[in-house]
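Okay, thanks for coming, everyone.

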Amino acid sequence: KKVGALPNHADGKLVFWEQVPTTANQRFPNYRTFRLNRDMQIWLLEGRDHRTPNDWPDDSLKTLWGKEQLAWLQQTLLESSATFKLIISPTPMIGPDDQRKRDNHSNPDGFLREGQAFFDWLTNNDFLNKNCYILCGDRHWQYHSIHPSGFEEFSS
């Protein structure tokens, strides 16, 4: 390795696992859920470890979450008896966001199909009436948006 060379992707992942306070590690997924009390359960999603390239066509193969995380999310949401369910996503699902980008569920050239399929699943499983909300991190502004299906997203 050259002295002064930029870290590669593998180096970046090692530094991430070393520095980020999480219950996960390289052997376990970096998405998780916590039941805070009888009324509140939160889900912390991972948007980097399982994603396909941003520039892939937005079809059934393109994913931000990966099949395993999506199946886990759906299963644990169905199992939850918490009064309020808060899905915390590092990227917007409803937005707004810069329409030139392709790195989240709200961008037309991003992962829009996967995001819409999840909103359809939430609707079909009556989560609109189960106090299910989305909180988006990694924004440089605050917003409150409502998806056409009625689900709400708040940015932090």
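Before anything else, keep in mind that this is a predicted model.

Let's start with Gln116, which sits in helix α3.

The axes of α2 and α3 come within 12 Å of each other, with a crossing angle of roughly 20°. So how do the two helices run relative to each other? Angles under 35 degrees go down as roughly parallel, and α2 and α3 are therefore roughly parallel. As for the hand, the crossing of α2 and α3 is right-handed.

Which residues make that contact? On the α2 side you have Leu70, Leu73, Gln74, Leu77 and Leu78, and on the α3 side Phe118, Trp121 and Leu122. If you sort that contact by class, you get seven nonpolar residues, one polar residue and no charged ones.

Now the core. The largest nonpolar core has 20 residues, and the members touching the most other members are Leu73, Leu77, Phe118 and Leu122. Three elements, α2 (67–79), α3 (112–124) and β4 (132–136), each put in at least two residues. Which element gives the most? That would be α3, with four residues. If you zoom in on Leu73 and skip its neighbours within four places in sequence, Leu73 is in contact with Trp43, Leu45, Trp65 and Phe118.

Asp126 is partly exposed, at 37% relative accessibility.

Asn131 is another residue in the loop between α3 and β4. Asn131 isn't a glycine either, and its phi is positive, near 50°. With 27% relative accessibility, Asn131 counts as partly exposed.

Next up is Tyr133, in strand β4. Tyr133 has a relative accessible area of 26%, so we call it partly exposed. What does Tyr133 touch, once you leave out residues up to four places away in sequence? The answer is Phe84, Lys85, Leu86, Ile87, Glu152 and Phe154. Take Ile87 from that list: Tyr133 and Ile87 are 46 residues apart along the chain, yet their C-alpha atoms are separated by 6.2 Å.

Last stop, Trp141, which you'll find in the loop between β4 and β5 (144–146). Trp141 is partly exposed too, with a relative accessible area of 36%. Not counting residues up to four places away in sequence, Trp141 touches Pro96, Asp97, Ser155 and Ser156. And one more pair for you: Trp141 and Phe119 are 22 residues apart in sequence, and C-alpha to C-alpha they are 23 Å apart in space.

That's my tour, so over to you for questions.

Key:
Residues numbered from 1 in each chain as written. Predicted model: local features only at pLDDT ≥ 70, side-chain atom pairs only at ≥ 80, totals over all residues. Heavy atoms only, no water. Core = buried A, V, L, I, M, F, W, Y, C linked by side-chain atoms within 4.5 Å. Buried < 20%, exposed > 50% of the residue type's maximum accessible area, 1.4 Å probe, protein only. Contact = heavy atoms within 4.5 Å. Axes fitted to C-alpha atoms, helices over the stretch in contact; angles between N-to-C directions. Parallel < 35°, antiparallel > 145°, perpendicular 65-115°, else oblique. Left-handed = near helix turned anticlockwise from the far one by under 90°. Nonpolar A, V, L, I, M, F, W, Y, C, P; charged D, E, K, R; others polar.
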